[in-house]
Amino acid sequence: MQSTTSETGAWGTWPRAIGIAGVIGVGTALGYYCYTRNCAANPEKTKEITLSADDWKKQGNAWFKEKNYTKALECFQKAIEAVGEDSELKSLCYQNCAAVYDIQGDLKSCVNACTEALNINPRYVKALHRRSKCYNKLAAHRESLEDELAACAVEKKPLSAAHCHEILTANAVSAVDERRAKNYRVPISPSRVQTWAYYTFEHDPVISLMKTVTLEDENRLFAECFEKVQNGEVNDLLDLVLPETQKEDSPFLFEALLFAARLNLYHGCLEESHKFVNRCEKLWLNAGEDQKKKWVDHRIAALIMSLELSRDANVRKSLVAEAVALDKTNRDIHIAQALLSLESDNDFEAALTSFEKAKDDQSDGNHCVSCHILFIRGLVAFISSNMAGINDAVLKMESYAEQFGDAYPLVHMFLGRLYSMVDAKDQAIGHFNKAEKRMGSWAELALLKASMELAGQESSTEHSKAIQLLESVIRLDPNYGPTYSVLARVYMQAGEYQKAIEAFDKGLALTSNMQNFFIMNMERIMLGKSLEVSKRLDIPADQVVEIIMGSNRSGGL
C-alpha cells in the first residue's frame with residue numbers, strides 16, 4: 001500500500017518518526033544524566049557559570065569560616081575577576097585575600113593585596129591596619145607607622161595602642177642607631193661642660209688638674225681649657241686636647257685621654273669616645289702597683305666614662321662594683337650612676353638609691369648630693385600626687401638654698417622646677433632669677449624660665465611672644481638642642497607645621513644625648529607622618545595633627 005502525504009507528513013511514515021524521536025529522547029536523557037553526575041561531583045563548576053561577584057565573595061566567606069583558606073582564596077580571586085571594574089566590592093575582596101595571606105604567613109602577598117584594596121579605597125581602615133602590621137613584621141617600620149597613623153586619622157582616634165607604640169619606638173630606635181653610626185661631632189652646649197666642671201664630680205682628675213694649674217705651669221694646656229670652659233668656648237676643646245693624646249710619654253696622658261673621651265661623648269661621637277676609654281684601660285693594665293695607687297681616681301673616672309657609654313645593665317653593675325672596690329669613699333661613681341638613671345632610664349628609684357649611697361660620705365660637698373636627692377624625691381612625690389611629699393622636699397630645699405645657694409646655684413634651679421610643677425609661677429621665676437645671677441649664660445635655665453613664663457599660652461599673640469622669647473634663648477646658646485624642641489611645639493600650636501619640622505631637625509642635629517634624641521625624634525616622626533597622611537587622604541592638616549599628636553600639639557609649654 002502506498003503512503004499518502006497525510007499519512008507520512010514531513011517525517012515520512014509514523015514508525016520512522018517514532019524511531020527518530022526515540023533516539024533523540026534517549027540521547028537527551030543520557031546527556032542530562034552525565035551532566036548531573038558531573039555537577040554532583042563538581043558543584044563549583046556548576047556555579048561558575050551563574051555566580052556573580054557577590055556570590056563568589058559569599059562562597060569565599062563560607063570557605064573562610066570553615067578554615068579552608070585555599071578554597072576561600074580561589075573564590076575571592078574569582079570575585080575580583082567577576083567585578084570587572086574598581087568598586088567597593090572589589091576593594092573588599094582584595095582585603096579578604098589579604099586576610100587569607102595573613103593567616104598563611106605570606107606577608108608580602110598580604111601587603112600587595114592590601115595595597116590593591118587601598119588603591120581603590122585609600123581610607124579602608126581594616127586594610128590600613130592589616131598592612132601596617134605586616135609592614136612591621138617585615139621591619140618596614142616607617143611604612144607601618146604611616147599606615148597606622150592614616151587609620152587613626154580616618155577613625156578620628158588618637159595614637160594609643162600598644163602596637164602603635166611598638167612601631168613608633170622601632171622608628172625612633174632605628175634613627176638613634178643611625179645617629180650612632182654616623183659618629184659626627186654635634187656642637188656642644190657650654191652649659192653641659194660647665195655642669196660637669198663645676199657641679200657634678202668631686203674626684204675627677206681632669207677637673208682637679210684644670211682648676212689647680214695656671215697658664216705659667218708646664219701643663220698649661222689644661223689651664224687654657226679651663227679658661228675656655230669658663231668663657232663658654234667649648235667646641236674647640238677637643239682640637240686642643242687631641243695632640244696631647246698622641247704623646248705617649250706625656251705625664252698628663254691619662255688626663256688627656258679622659259678629657260678626649262668625655263668631649264667625644266658630649267659631641268655625640270660615641271665610637272671615638274670608646275676608643276679613648278680603651279686606651280685608658282691599657283694604661284691602667286700596664287701600670288705598676290705604685291702607679292696604680294696614684295691613678296685610683298683616674299681609673300674610677302675611666303669606669304664612669306664606660307658607665308655612661310654602656311647600654312647593658314649587667315655591664316653597668318660590674319663597672320660600679322669595680323669602682324667601689326677601688327675606693328669606697330669616692331662618691332663620683334654613685335653620682336654618675338644616679339644621673340644616668342635619670343637621664344637615660346627615667347628611673348627615679350634607682351637614682352635615689354645611688355644618690356643615697358653617695359651621701360654616705362660626709363664630705364664638704366655633700367650638700368650637692370642632698371639637693372639632688374631632695375629634687376628627685378619631689379619629682380617622685382609629684383608623679384604620685386603626694387602633695388605632702390612635694391611640700392617636704394620644697395621646704396628642705398629652701399633651707400639648702402639659704403645656706404648653699406651662692407656656691408651651688410643649681411639648688412635654685414631645682415627649686416624653680418619643683419615650684420613650676422605645682423604651678424607656683426612667682427616662686428618658680430623667683431628662684432630661676434636667683435640661679436641666673438650665677439648661671440646667666442646657661443640655656444637650660446633660660447629655657448626653664450621661658451617655659452614657666454609662657455605656660456598655658458595658646459593664642460596667636462601669645463605664640464608670637466613665645467617664639468620671640470625662645471629665639472632669645474637660642475641667641476644665648478644656639479647649640480642647646482632642647483630649646484628647638486620647645487620651639488617646634490610652639491610652631492605646632494600655631495599651625496606652622498613646616499617651621500615646626502625645621503625646628504625639630506635643628507634640635508636633633510644638636511642633640512648628643514641619645515635619650516633626648518630618641519624622644520625628640522619620636523615627635524618629629526609623628527608630625528612628619530601626620531602631614532604625609534593629610535596629603536595622602538586629603539584631610540586638613542590641622543585635623544590630622546590634632547588627632548595624632550593630641551596634647552603634644554595643643555598643650556602648653
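User: Okay, axes here are lines fitted to C-alpha atoms, for helices over the stretch in contact, and angles run from 0 to 180 degrees between N-to-C directions; so at what angle do H15 and helix H16 pack?
Analyst: In this predicted model, H15 and helix H16, the latter covering residues 270-286, pack at an angle of about 160°, and their axes are 7 Å apart. Since angles over 145 degrees count as roughly antiparallel, H15 is therefore roughly antiparallel to H16.

User: And which hand is the crossing of H15 and H16?
Analyst: The crossing of H15 and H16 is left-handed.

User: What about H5 and H6, how far apart are their axes?
Analyst: For helix H5 (residues 69-83) and helix H6 (residues 88-104), the axes are 9 Å apart and the packing angle is about 160°, so H5 and H6 are roughly antiparallel to each other. H5 passes H6 in a left-handed crossing.

User: Switching topic: how many cavities of 30 Å³ or more are there?
Analyst: The structure holds 2 cavities of 30 Å³ or more, and the largest cavity has a volume of about 60 Å³.

User: Which residues line the largest cavity?
Analyst: Its lining is made by Trp196, Asp204, Val206, Leu258, Arg262, Ala301 and Met305, and the elements that give two or more residues to that lining are helix H15 (253-267) and helix H18 (296-309). By type, the lining of the largest cavity divides into 5 nonpolar residues, no polar ones and 2 charged ones.

User: And the second largest cavity, how much space lies in it?
Analyst: About 40 Å³ of space lies in the second largest cavity. Among the residues lining the second largest cavity are Phe201, His203, Asp204, Arg262, Ala301 and Asn330, and H18 gives the most to this lining, with 4 residues.

Key
Residues numbered from 1 in each chain as written. Predicted model: local features only at pLDDT ≥ 70, side-chain atom pairs only at ≥ 80, totals over all residues. Heavy atoms only, no water. 1 Å grid on protein atoms, 1.4 Å probe; cavity = no way out; pocket = protein on both sides within 12 Å on 5 of 7 lines; lining within 4 Å. Points joined across faces, edges and corners; volume = space filled by probe spheres on them. Nonpolar A, V, L, I, M, F, W, Y, C, P; charged D, E, K, R; others polar. Parallel < 35°, antiparallel > 145°, perpendicular 65-115°, else oblique. Left-handed = near helix turned anticlockwise from the far one by under 90°.
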